[in-house]
Structure formats: structure tokens, C-alpha cells
Amino acid sequence: MSIRVGAAAQAPPFPTAAKSAIEDTQLRQNVRHATDVIRAKRAMLVAEKQDWQQLRTAASRIKEHTMRHLGSYLVQFEESCVRAGGKVYWAADADEANRMITGIIQSHGVTEVIKVKTMTSDETQLNAALESSGITPYETDLADLIVQLGADHPSHIVVPALHKNRMQIRRIFLEKMHLETLGHEPKDLAEAARRYLREKFLRVPIGISGANFAIAENGSVCIVESEGNARMCLTLPKVLISLIGIEKVIPRFRDLEVFLQILARSATGERMSPYSSIWSGVSNDDGPREFHVVLLDNGRTKVLSDETARQTLHCIRCGACLNACPVYRQTGGHAYGSIYSGPIGAILTPQLQSMQHSQTLPFASSLCGACYEVCPVKINIPEVLVHLRGKVVDQGDSPVAEKVAMKTAAFALAGPKRLEAAQTFARLAQTPFLSDGVMKSLPGMLAGWSSVRDLMPVPSQSFRDWWRQRK
Amino acid sequence: MKISLFITCYNDTLFPETGKAVVRVLERLGHSVEFRAEQTCCGQMHLNTGYRKEALPLMRRLVEVFETADVICSPSSSCVAMIREHYAQLANEAGSAALCDRVQSLIPRVLEFTELLVDKLGVTETGAFYPHKVTYHPSCHSLRTLCLGDKPIRLLKAVRGLRYVELPQADQCCGFGGTFSIKNPDVSAAMLADKMQAVASTGAEVCAACDNSCLMHIYGGLHRQRQPVRVAHIAEILASEEPK
């Protein structure tokens, strides 16, 4: 098995990556601006829904039910999809999925594919696998195109190029599309992308997509998007391949009613996505003549086996938690070292990798709870973060100094006598660090803290001592 | 009413004035306060950092100490949130049905200080006098776990002489997060910088909160930058009286 989430296993620890992100003031400005805009739009549209909390509960229940019966719904999806003329493949890991997709493309003797925005393909590093087999993938989602042309990485689940501003994008287009002139207005950039992409849509015979939802009862696949470029990829090529994480299945067509109401509002602050494409298998007179579905596990069944953490798989990739997260706001997405960034990335990436990599991610949160508050499927991200922190500690992967500090604190807090002794000790031990009545420079683990913050001293009398004397 | 004070370990050690203020306010309102000296810590720091095994005995002690107390008050949203959000699961993991029952009986008896005042005692007018311009930082636990809403603000607005000013982007975390600020000092500092800017923009003399942990963090940044804003736990504001 080669379970991986892009190159997350090789990414630097979060605090290290975050430090360089924070030093990039342009990046932070772009991230702030973009997340502020989406947050405000989302808040407005959520406020107008009287039944928002009921919708969240319904969505959460549907997902919970589906995960409990995932095996049977997947088999049902396969049967329905095959009945509608599709072909279904089961991929245990990233490499197997990439081999299957490459095989299908090669069997048609084709060397170019167009792609709908799909994070699952970033997870398996499909583009690199295709390129090494002599196949050129073209990203057609505007933001993914910017990322691909700029040899960059996505930094947001919904808005992959959120870290770039208009001027930066203009420079990428000028250079990579070999343009002589290009205006500065959004419409100029959109026009350049349109010309570049239309040619691909009309020429390239195979399309690759992910999925927002795969419907078990009729084998339909659903993709929502804003640009219409996905619709082009889904309808123009002769062959369509959809790479779908197994958690994307939902039982019934009518369940979409719930998800389509919450997804666009949470993701882009729209009442409805401009394009919702739903297709079932193939039809003889319209759209692709061949439809292949690759169902991807890549660590998901392992996540499913953890009762507290399995809610991670309920995620519908709306990105609302990223926009709400005060940590993401400071660092942007790249610091998370994974296609899945922000709070959801902090719990998903380490779990997919069986807690063997990315172990600083569960600690990349102040547990403020803003993510849980906005999550349209009510994933209790802080609960899962704390649960995963427990796993990191139980595996013995926490820093030695921290272990010592925690054991010492546990010892000191085991009874009031010990606590009082510790209070007395702290009063004495702080003396060498005091200057102007506060501590301005602390050693070891606390050095980072005191680099920009003063620490109040431990006062001469504890509360319990005061209480005793008062009596 | 007899109210048992859960001071919390860090208030006991670092912020005794907050504990004294809680006692003063409750006694002024005609209630009696007891302090059970066997108490230590709720286990929040250990649990949130992943040290569940170490958190468990601390929870057991707290459950034991307050077994016979009818009303327990704590001037710390995050410690009350720890009890309300995590104790049931922690007891469940310990595999003891008896402990689960005792935790279930404890949870509704523990109230955060402003919750106790507004919900349980039905008080917003505490007889305080505090002639200062004050802004209020709703800590994440008070805002999202305990859902204190405007209770602390109503208490502050009822204080004579106090001029309340609203904090912009109040719902943004200050970046403390317990060991988060130690493990991710740079991100935490960037979050703190935003919070300090928001506090400074109000022109307030004092920034209040229901959590001394956040205030310690905000104070740390403000003091380093020599900003003239002070911090105060809400209990200390409600405890202050007009000089006679």
C-alpha cells in the first residue's frame, strides 16, 4: 500500500512552514482580503435561511447514516452506475488509482487530458503520474489553471489560488500563455483564460473529474462549480473519468436537496452554485460515450474505523472552516503542507496517513471552535483535533521537553500540598527572569512566547493562602 | 445561596485577585462562599495537549471534591467548558459507569461566574462602580462553548461610571489557546497582533474578559509594546465599589 496525501509526508512541520508564511506580508494580505470577502457573503446568506440549523443537522445525519453503511452504499452505487452504462474501478491507494486512470487513457492512444478541479487527484498526485507516462493534463478550473501555470500549489479547498492577487495572476498569464499584451481588469484575465481553455475543450478527447456527490440509488455523479468550465469537461470529451473518494457517496437523489442548499452558501457565499452538473452513466446521443469511475480508498476505511474521528469523512469540501479559521487567516494554506489545508486539513491529512506523518497538524489550532460553528455538516473539528493530539502523545511522538513538563505538572496538581509547593517554587524560580516586574525573556520552550510577550509574575500570595488567612 | 468556588489552578496561582473579587461580589449580593482546599485543576491543559491519561486523575479529584456541592462557580470559561464538553467522554473512556454518573451529576452544577450571576441568581446590577472606558473580549470558550452571549456585556453596562465600547472583530481568537501559544508561537503572535490592534482601536482604558488566560496573553503583548491599556477579569470590575 502506498497511501499518501500529495507530498504531505515530506512537508516541513507546521510551525516551521507557518513562520515563513507569516513573514510573507503580500500572502497574508491576499488571504485576509479573500477570506473576509467570502466570510461576509456566507454570513449574509446563512442569516437569511431560517432553517439553517435544521439543514446542518439533516446533512450531518445523512452523512452519519451513510458512513455507518458505507460498504453497502458503495456496492449499490457500483451496481447503479454499471446499469447506467458506466464502469467502476476500486483503488486501494493513490498509485493504484493513478495506474487505472493512466491505463484507461493509454488504451485510447491519447496524450492529452482536460481536468475539472479535483482535489482527490492532487491527493494521488495524478498529474505527475500522467506526465511521467507522457500524458499532458490541462487544469481547466480558472484557479487551478493559475496554480498549474505558475508551477504552484493550491492553498485553499475552494479557491486554490486565493493566495495570489490579480497583478500576480496577470504576470503568470502573460508569461505562460505567451501573450504580448494583457489588460489589468478581471474581465481581461477571464478573457485570456477563456481563449486558452476553449481550444483545449474543443480538441482534447478525454476529461478527468472528481465529484461532489455520488448517488447510490441511481449511480449519478454530481459536480457543482461556478465557471462552467467543469460543464465543458463533463460534456465535450468522448471519454470521462471520475476519481471519487469513497466518502463522497450519498444514499438517495433527494439527499442532494439538503447538500445543494448548504454547499454553495458555505463555500462561495452563493444561494446556489451557478452550475450543478448531474449525470448518470452514458447516453448514446449526448455527452461522453464512455464513463469510468475510480473509487478511491487511500486511507479512508482506516479513518472510518475510529469512532470519534470518522466524522472527518463527512466533509463536503466547502472550505468554510478555512475562511473562519484565525490560524489559516495568518498562514494561508501552504503551511499545512497538504492539498487539504485549514482546520479540516489539520484533521484529515494526518488521519489518511495513519498518524505517521504531519503530526504537528493536530496542534495547528487554538481550539477556538470557529470551524465547528460554520461547518455545514457539523464536524466537531476541535473534538477531533484533541482526539488526534491524544494519539500523537500515545504514540510517543511528542517532544521530550513537553512530556517532562506535562508529567511534572500532573505530579504538582495531584494534590493541594504539592500545588502549594509548586507555587512556592515558581515564585522563587522566576526571580532571575524578572525585570521591571515582568518576565521578558524565558528559556527553552517558552522562548517563542516571550519573544513578543511579557509574562506577569507569580504574585506573592496565592488565592488559597489568602482564603486560609481570611478565615 | 451557598456557592462553592472552583478557583482553577492558574487563577489560584497567578490571579488571586480574581478569586477575591468573585468572593466579594457574591458576598455583597448576600450569598455565602466556600472554598474547598482539596481542589487543584480540571485537567484542561493536559487533555488539550493530548495527555488524556494525565487529565483523568485530575478529573477524578475534581468530581470527588465537589461531589457534595450544590452550586459550583468558576471564574474561567475555559475550565467550565472543559467540564461541560469533555468530562463525559473522558469518564466514558475510563470505563467506569459510576464515574460517568458522577460526572453527569456534576456538569449541571458547575457554572461560569457570569452565568451564575445572570442565569442562576438573576442579577445584572451588582452594585459596582468603575469609572473607566472598558471593552470586552469574548473568549472563544465563553462565546462558542458556553454561549454566554451578551451576559457579560449586560453586567458591564450596568456598572456605574463604566463606559462600554464594543470591540471590533470581537469573535476572533486572541491566539492564546494554552499550549498552542507555546507550540506555535509565531502564528499565535500574529493572531495576538490583530487582537491588540482591535483593542487599541477602541480607545478603551481596560480590556475585560471572562478568562484570565486570554487576558494574560493580551496583557503580555500590550505590555511589551508599552500600550497604555490594562486588562481586568470581569469579576474584578464587578467587585470594585465607589470610594466611601
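Author: A:His178 sits in the loop that runs between α9 (166-176) and α10 (186-203) of chain A; helices here are DSSP runs of H or I with at least four residues, strands are runs of E with at least two, and both are numbered from the N terminus. The model is predicted, so local features need pLDDT of at least 70 and side-chain atom pairs count only at pLDDT 80 or more, while totals for chains, interfaces and linings use all residues. Residues are numbered from 1 along each chain as its sequence is written, and chains are lettered from A and ligands numbered from 1 in the order in which they are written.

A:His178 is not a glycine, yet its phi is positive, about 55°. The residue is exposed, with 8 other C-beta atoms within 10 Å; exposed stands for 12 or fewer such neighbours, buried for 20 or more, and partly exposed for counts in between, with C-beta atoms placed from the backbone.

A:Lys378 also has a positive phi of about 55° without being a glycine. A:Lys378 belongs to the loop between α17 (370-374) and α18 of chain A, and is partly exposed, with 18 other C-beta atoms within 10 Å.

Chain A brings 51 residues to the contact and chain B brings 51 residues, where contact means C-beta atoms, placed from the backbone, within 7 Å. On the side of chain A that touches chain B, α18(A) gives the most, with five residues.

Methods. Contact = placed C-beta atoms within 7 Å.
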